[in-house]
Amino acid sequence: MDTDEAMDDADAHICTTAIIMHGQHEAKTEDDDHGSLIGAAPSDDEEFTEVVVVRHGETSGNTSRILQGQLDTELNEIGRQQALVVAHRLSKEAKPAAIYSSDLKRAAETAEIIAKVCGVTNLVPNEALREMHMGYLQGLKWDDAVKKYPDVFRAFDISKIAESRNQEIPGGGESLNQLNERCVSYLNKIAQEHAGERVVVVSHGAAIQELCRHADPPNSSIHRNIPNTSLNVFRVSGITGRWILERCGDVSHLDGNGFLLW
């Protein structure tokens, strides 16, 4: 999970999404490498914040399939190019009121590049947007970690039942529910401060998975592919706490640039 996309299978291209609207479930599935678009719109009587969540650019840890967790790795050169590409895409859209970011270097640098290209001066780093802490798994290659600690990986399958989501990773690591609470709470705070505005948030693969999970129906086990610099668009009401996931895993900006997706 930057770990970041350690939780994503290499062949996971089908993005299945669902939202909760007025107690009804609307779901849409698209077999689309560019991400899934959900055809839902907020109601007229609620004021939503548009939150565009971007996964950071590529790191050497991503290409080596290392469980980075909260290790403070930097972008590699491809990651910096990816950040520039997504920044130019965002610069052609509505200007965000602010950019929030994980304080880990790979996310912070991605956010700085976006802020510079988009002309945004309100850049706010915060540890609440960090990747999941992976305990003693951090720094291990994915395949080696699975072989060495198979029981840990069985317990931390993101799609498993609620009981396993409360189990912390040994060595100071977090549980999935702790990660969820940390990230969701901070996004709700952002929504309250920016009602009716657009903001950009730069974070990490497992963290974004949990944000998507929060917008899903209860007890959902939907699993998504969140590539580097993908756009994941939420509408969040700071008043009612209602979340709508409009788009996930969108990397159409990387088309034709020769980037591998991690």
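Guide: A residue counts as buried when its relative accessible area is under 20%. This is a predicted model. In it, Y100 has 5% relative accessibility, so Y100 is buried.

Visitor: OK, and what share of the chain counts as buried?

Guide: Of its 262 residues, 54% are buried.

Visitor: How many helices and strands does the chain have?

Guide: There are 8 helices and 9 strands.

Visitor: What pLDDT does the chain average?

Guide: The average is 83. A score of at least 70 is reached by 76% of the residues.

Visitor: Where does pLDDT stay under 50?

Guide: Over residues 6–33. For that stretch the model has 81 contacts beyond four places in sequence.

Visitor: And of contacts with a separation of 6 or more, what share joins residues 24 or more positions apart?

Guide: That share is 73%.

Visitor: Back to Y100. Which residue does the ring of Y100 pair with?

Guide: With Y186. The structure holds 3 aromatic pairs. In the pair of Y100 and Y186, the ring centres are 6.1 Å apart and the planes are at 80°. Planes over 60 degrees apart count as edge-to-face, so that is what this pair is.

Visitor: Where do Y100 and Y186 sit in the chain?

Guide: Y100 is in strand β5, residues 98–101. Y186 is in helix α7, residues 176–193.

Visitor: Is Y186 buried or exposed?

Guide: Buried, because its relative accessibility is 9%.

Visitor: You mentioned α7. At what angle do α7 and α8 pack?

Guide: At about 75°, with the axes 9 Å apart. Helix α8 covers residues 205–215. The angle makes α7 and α8 roughly perpendicular to each other.

Visitor: Which residues of α7 and α8 make the contact?

Guide: From α7, they are L176, L179, N180, C183, V184 and L187. From α8, they are A206, A207, E210, L211 and H214.

Visitor: Another pair, then. How do α2 and α3 pack?

Guide: Helix α2 spans residues 77–91 and helix α3 spans residues 105–118. Their angle is about 40°, and their axes are 8 Å apart. That angle makes α2 oblique to α3.

Visitor: Is the crossing of α2 and α3 left-handed or right-handed?

Guide: Right-handed.

Visitor: And which residues of α2 and α3 meet there?

Guide: On the α2 side, R80, A83, L84, V86, A87, H88, L90 and S91. On the α3 side, E109, T110, I113, I114, V117 and C118.

Visitor: New topic. Where is P125 found?

Guide: In strand β6, residues 123–125. P125 has 51% relative accessibility, so it counts as exposed.

Visitor: What is P125 in contact with, neighbours within four places aside?

Guide: S101 and D103. As for A107, its C-alpha atom is 9.1 Å from that of P125. P125 and A107 are 18 residues apart along the chain.

Visitor: What about N62, is it buried or exposed?

Guide: N62 is buried, because its relative accessible area is 7%. It is found in helix α1, residues 60–63.

Visitor: Now the loops. What is the phi of R65?

Guide: It is positive, about 55°, although R65 is not a glycine. R65 lies in the loop between α1 and α2. With a relative accessible area of 34%, R65 is partly exposed.

Visitor: And what is the phi of T229?

Guide: Positive as well, about 60°, and T229 is not a glycine. T229 is in the loop between α8 and β8. Its relative accessible area is 0%, so T229 is buried.

Visitor: Where is the place of S230?

Guide: In the loop between α8 and β8. S230 is buried, because its relative accessible area is 0%.

Visitor: Which residues touch S230, leaving aside those within four places?

Guide: V53, V54, R55, G249, D250, V251 and H253. S230 and H253 are 23 residues apart in sequence. In space they are 8.7 Å apart, C-alpha to C-alpha.

Conventions: Residues numbered from 1 in each chain as written. Predicted model: local features only at pLDDT ≥ 70, side-chain atom pairs only at ≥ 80, totals over all residues. Heavy atoms only, no water. pLDDT = per-residue confidence, 0-100. Contact = heavy atoms within 4.5 Å. Phe/Tyr/Trp six-rings, centres within 6.5 Å; stacked < 30°, edge-to-face > 60°. Helix = DSSP H or I, 4+ residues; strand = E, 2+ residues; numbered from the N terminus. Buried < 20%, exposed > 50% of the residue type's maximum accessible area, 1.4 Å probe, protein only. Axes fitted to C-alpha atoms, helices over the stretch in contact; angles between N-to-C directions. Parallel < 35°, antiparallel > 145°, perpendicular 65-115°, else oblique. Left-handed = near helix turned anticlockwise from the far one by under 90°.
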